[in-house]
Amino acid sequence: MSEILSIQGLSKSYKSVKAVQNLSLQISEGQAYGILGPNGSGKTTTLSIVTGILRQDGGSFRWFGEAPEASQRKSIGSLIETPHFYPYLNLEKNLRIICDIKGMAYGDIHRVLKTAKLYERRRSRFSTLSLGMKQRLGIAAALLGDPRVLVLDEPTNGLDPEGIAEVREVVLEQVKQGKTLILASHILSEVEKICNHVAILKKGELLANGPVKELLAEDEIIELSCSNNEKLKEKLGNSGLVKELETENGLLVLTLKDKITPAEINAFAFEQKLVIHHLVSRKRSLESQFLELVKEEE
Amino acid sequence: MIKRLLHIEQIKLLNYNPFRITLGIYFLAFALGLLIYPAIDKEIPVISLSDLFRFPDVWLFLTWITEPYNLLLALVIIMITTKEFNHHTFKTQLVFGLSRTELLLQKLILIVVLALFATLLLGATSLTLGLIYSYKITLSIALDNTYTLFRYFLSSFAYMSMGLLVALLIKNTAMSLLTFLAFRTFIDPVLFLVLRKSEVKWYLPMRTTTQLTPVPNVIEIFQKKLNSPDTVDESSLEIIPEGLPDWLNILMVVLFTSLAIWASYRLMQRRRFV
């Protein structure tokens, strides 16, 4: 996998606020890389720096293994924060400007407008669009010319539920085609649904990064009670089915190993001639895990 | 690349109403020149304004008359540049692959095109009036004084470059327009008066630019006409000698324009476009 974006020790401050602190990330070809963090964690600042809008105070980054240059951005489709276009120009003319910047023919404009479900509005002025439509035009502009890398900052901001689903579909399709995606979001489920890799930021610092499966793994936790809790605890401890085992308020709380289902636990207990009369799945939600991860540092 | 940048500006401008309106006023001003001056002529006995429209005087006269039109072009540059800040479209263009230098180049190319356009329009108008009002047309008489077109181009280019600098400095449309106009109509003239005893007064940026297209000695031509009403005298307008020597004045304008472009370049590299 070839290197797409490599960030080394990036720092940026706004007066007294440290927006990004010594951030390092490696993003390879074909990854769907999520940058997850609460508001003000430095996601937009990071993406603004790598897309040439802002200058970093310290550190460096490389696109495609080379020092950054404006022309590299022609093969990157970006949407940073809210999209900004000429309000008095219609959608088609706005996209023509982008085509001219990228040095490409206008042929692709209709395709991306159709993808963004804005084709019918192609002759409307940008200023007449609703917030959600503007956001979709931003995505359409990012898709122009079928770039090998997409950089999307909160792409579902301001969209209604239907719009969110549509945008996710479009983005997922790009990921399936093998495009590299860099997606900043404060919505955990969005990153979880779209990305295979994630970096978690907080106050401009990298808290954790790694494959989504590892970092945001859903451990299945169940609580149960049976005729003889002590005996079951002992048996389960030696069974190799559970990761953790605790007694809480007279209930057994088990953290299951991967791919082990509550049914298997039930069957196991039955084999031991123990009858379970209480079994509740206590799925640790990603949300609480994310919050935990972010809180730990406080 | 230049063609591409120009095309981007073309899409932005030709659909932008304030630009269309300003350009309309600009054309109208030129057209009125063609229609109104001859009309006034009929009401003034003895002296004929049409004397001023003869080759080679017409070049100097029209250059002087139409110089303020260049201010309109500078206002256009200020409007479209500050609007890029208002609409955050500098940011969009950066993100999709223009460099900061190209953002500036875009505007400079536009300035050159508008200055050429203004110069050609002046040239065409002068030529038309000259052909209509001259008694005797020879190539050497007709083309005498055409160097003034170069001065006009420089004047137009200088105004627009200064406008660009003001726009990049202030960013707000109304404030930029006011500042620029205040410089032309108030600050520079007041400084000129304050410095009237010193030679420095001739080195002010706006003053050197207006001196590019100086007031022709109109009185002289009428005097000649009155003294010998029947002679067909191809008198050539003289410029009332004032201020810096010609070459130094041109050099100063080139210097000020280069400074404005250099400062604009520095600003463009440093501006935050968020």
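Predicted model: local features only at pLDDT ≥ 70, side-chain atom pairs only at ≥ 80, totals over all residues.
**Ground rules.** I number residues from 1 along each chain as its sequence is written, and letter chains from A in the order in which they are written. Local features need pLDDT of at least 70 and side-chain atom pairs count only at pLDDT 80 or more, while totals for chains, interfaces and linings use all residues.

**The sheet of chain A.** I looked up the strand order and found β2-β1-β4 (chain A), an open sheet of 3 strands with antiparallel pairing. Strands here are DSSP E runs of at least two residues, and helices are H or I runs of at least four, numbered from the N terminus; two strands pair if DSSP finds at least two bridges between them. β2 (17-28) and β4 (58-63) of chain A each have a single partner strand, so one side of each lacks a neighbour in the sheet. I then followed β1 (residues 3-14) of chain A, which 8 bridges join to the antiparallel β2(A). One pair I noted is Ser6(A) with its bridge partner Gln26(A) in β2(A).

**Where chain A meets chain B.** I found 25 residues of chain A in contact with 22 residues of chain B (contact: C-beta atoms, placed from the backbone, within 7 Å). Helix α2 (residues 91-102) of chain A gives the largest share of chain A's side, 7 residues.

**Chain B.** I saw 12 helices and 0 strands in chain B. Among its contacts between residues at least 6 apart in sequence, 82% join residues at least 24 apart.

Technical notes: Contact = placed C-beta atoms within 7 Å.
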